Amino acid sequence: MRKRGRGLRIEVVDHVAGAADARGIAVIIDVFRAFTVAPHAFGAGAARVLPAGAVEEALDLKARFPDAVLVGERHARRLPGFDAGNSPTEILALGVAGRTLIHTTHAGTQGLVHATAAGEVLTGALVNVSAIARYVRARAPQVVTLVRMGHEARARCAEDDFCADSLLALLQGGRAPTPDAARAHLRDAPAARKFFDPACDWAPVDDFGHCTEVDRFDFVLRLRRPGDGPCELERIDVGKGA
């Protein structure tokens, strides 16, 4: 899907294939829960977040950085031997101030590592949606690509669609949704059911509140690909007036 906003061409694409084809500034969207986890980690004082595509890569990074917090999931469940699942509630309970996080997920981190043709790559979620829009406008690219990673990077999902629509509205001069509006819209989304099911102890109910806390943070997370080290997310403060 192609849109225009204030002279900016906006492409909206999906899944790993969309990430691989993304151009300009790519925003890799994963609301439940990868790119809610990463901002919360920085908000809680984490020193570094190292995204990994494969589980084996995450384990190799853990061997290189043995004091790092190993965070990850497949099929939404914590990986065996990992310190936390893909849960903001769990990482906040661990205490990550001053620590490095190694983070691998079924959808979000896959989009990051595959978006190699984009000029810049940002994480995307509701917790910093307005900061993302302000950053993109300030950079004034010709193209921005919104990549909806969806459920397990294979099917569209309500939460990533909602975030992409919110970013699209902001880039075209509109406003972000309120947290109440986001929660009302997403409360009955298929992917939200796990948060309210006591049997899903790997998806704390508080995660839903964290994921729908619109504009909790005034920074963006941009992917760095240093030639002599692992991929890393860097925090860039945007501020409300930027």
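This is a predicted model: local features need pLDDT of at least 70, side-chain atom pairs count only at pLDDT 80 or more; totals for chains, interfaces and linings use all residues.
Residues are numbered from 1 along each chain as its sequence is written, and side-chain values use heavy atoms, with hydrogens and water left out.

Reader: How many residues apart in sequence are the parts that the pair of Phe32 and Phe195 ties together?

Author: Phe32 and Phe195 form an edge-to-face pair, at 5.1 Å centre to centre and 90 degrees between the planes; rings of Phe, Tyr and Trp (its six-membered ring) pair if their centres lie within 6.5 Å, and planes under 30 degrees apart count as stacked, over 60 as edge-to-face and the rest as tilted. Phe32 lies in the loop between β3 (25-29) and α2 (34-43) and Phe195 in the loop between α8 (179-186) and α9 (205-211), so the parts tied together are 163 residues apart in sequence. Helices (H or I, at least four residues) and strands (E, at least two) are DSSP runs, numbered from the N terminus.

Reader: The charged end of which residue sits over the ring of Phe196?

Author: Phe196 belongs to one aromatic cluster with Phe32, Phe195 and Phe208, and its relative accessible area of 31% makes it partly exposed, where buried means under 20% relative accessible area, exposed over 50% and partly exposed in between (1.4 Å probe, protein chains only). A charge sits over a ring if NZ of Lys or CZ of Arg is within 6 Å of the ring centre and within 35 degrees of the ring normal. Over the ring of Phe196, 3.5 Å from its centre, sits the charged end of Arg187.

Reader: Is Asp207, which meets Arg33 in a salt bridge, buried or exposed?

Author: A salt bridge is a side-chain nitrogen of Lys or Arg within 4 Å of a carboxyl oxygen of Asp or Glu, and the side chains of Arg33 and Asp207 meet in one at 2.8 Å, N to O. Arg33 has a relative accessible area of 1% and is buried. Asp207, at 0% relative accessibility, likewise counts as buried.

Reader: Which residues are linked with Asp161 in a network of salt bridges?

Author: Asp161 forms a salt bridge with Arg156, with the closest N and O atoms 3.0 Å apart. Asp161 counts as buried at 15% relative accessibility, whereas Arg156, at 49%, counts as partly exposed. The network links Asp161 with Asp14, Arg148 and Arg156.
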